[in-house]
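Here's a quick briefing to read with the model open beside you. Take a look at the fold first, then at the charged pairs.

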Amino acid sequence: DSKAIGSWTKNRPNSWMRVDLGATRSLVVSHYALRHRGIIANSALRNWELQGANAADGPWTTLRRHVNDETLARAKFSMAHWSVDGVVAPWRHFRIFQTGASNK
């Protein structure tokens with residue numbers, strides 16, 4: 001199938017998507033990047049947390065919090081990256097946890 005597959009959250013608080021690196025892998029994060037797919041070109045993620053955990057059901061640790069972050073442009077396929085300071089522990093699971101609605 002040639003259709004693109006993507007991951008996303010709903011445009012409401014407490015929506016999330018998770019990545020599992022697998023049972024034998026973990027990662028200490030110093031930076032991360034997101035790309036906005038842009039089905040709705042005038043909408044982009046603004047309020048979220050990057051979180052890490054070593055079990056799929058947590059407990060989750062906030063690695064970086066974003067409040068009214070305008071870094072992702074309101075344009076199709078915009079990308080941005082951020083540093084993650086002070087993280088020294090490796091994590092197997094990562095999630096983007098939406099803490100507020102996206103701007104439209």
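A quick word on terms: helices (H or I, at least four residues) and strands (E, at least two) are DSSP runs, numbered from the N terminus. This is a predicted model, where local features need pLDDT of at least 70 and side-chain atom pairs count only at pLDDT 80 or more, while totals for chains, interfaces and linings use all residues. Residues are numbered from 1 along each chain as its sequence is written, and side-chain values use heavy atoms, with hydrogens and water left out.

**The chain overall**

- The protein chain has 6 strands and 0 helices, so the order of elements from the N terminus reads β-β-β-β-β-β.
- Of its 104 residues, 36% count as buried; buried means under 20% relative accessible area, exposed over 50%, and partly exposed in between (1.4 Å probe, protein chains only).
- The chain exposes about 6,700 Å², and carbon and sulfur atoms supply 52% of that. Those areas come from the Shrake-Rupley method with a 1.4 Å probe; for residues, only the protein chains shown count as cover.
- Take the contacts (heavy atoms within 4.5 Å) with a separation of 6 or more: residues 24 or more positions apart account for 76% of them.

**The sheet**

- An open sheet is built from 4 strands in the order β1-β6-β3-β4, with antiparallel pairing. Two strands pair here if DSSP finds at least two bridges between them.
- At the edges sit β1 (16-20) and β4 (61-66), each pairing on one side only.
- Neighbouring strands in this sheet are turned by 15 degrees against each other on average, direction ignored. The axes behind that angle are lines fitted to C-alpha atoms, for helices over the stretch in contact, and angles run from 0 to 180 degrees between N-to-C directions.
- Strands β3 (residues 48-53) and β6 (residues 93-98) pair in the antiparallel sense over 6 bridges. Tryptophan 48 stands opposite glutamine 98 of β6.

**Glycine 100**

- You'll find glycine 100 in the segment after β6.
- Is glycine 100 buried or exposed? It's buried, because its relative accessible area is 10%.
- Leaving out residues up to four places away in sequence, glycine 100 touches Pro13 and Asn47.
- Glycine 100 and asparagine 47 are 53 residues apart along the chain, yet their C-alpha atoms are separated by 5.0 Å.

**Salt bridges**

- The count comes to 4 salt bridges, each one a side-chain nitrogen of Lys or Arg within 4 Å of a carboxyl oxygen of Asp or Glu.
- Aspartate 20 pairs with arginine 92, their closest N and O atoms being 2.7 Å apart. This pair links distant parts of the chain, with aspartate 20 in β1 and arginine 92 in the loop between β5 (79-83) and β6, 72 residues apart.
- Both ends of that pair are partly exposed: aspartate 20 at 37% relative accessible area, arginine 92 at 24%.
- Glutamate 49 bridges to arginine 65, with the closest N and O atoms 2.5 Å apart. Here the link runs from strand β3 to strand β4, across 16 residues.
- Glutamate 49 counts as buried at 9% relative accessibility, whereas arginine 65 counts as exposed at 51%.
- Arginine 74 and glutamate 70 form another salt bridge, the closest N and O atoms being 3.5 Å apart. Salt bridges that share partners join Arg46, Glu70 and Arg74 into one network.
- Arginine 74 is partly exposed at 38%, and glutamate 70 is partly exposed at 47%.
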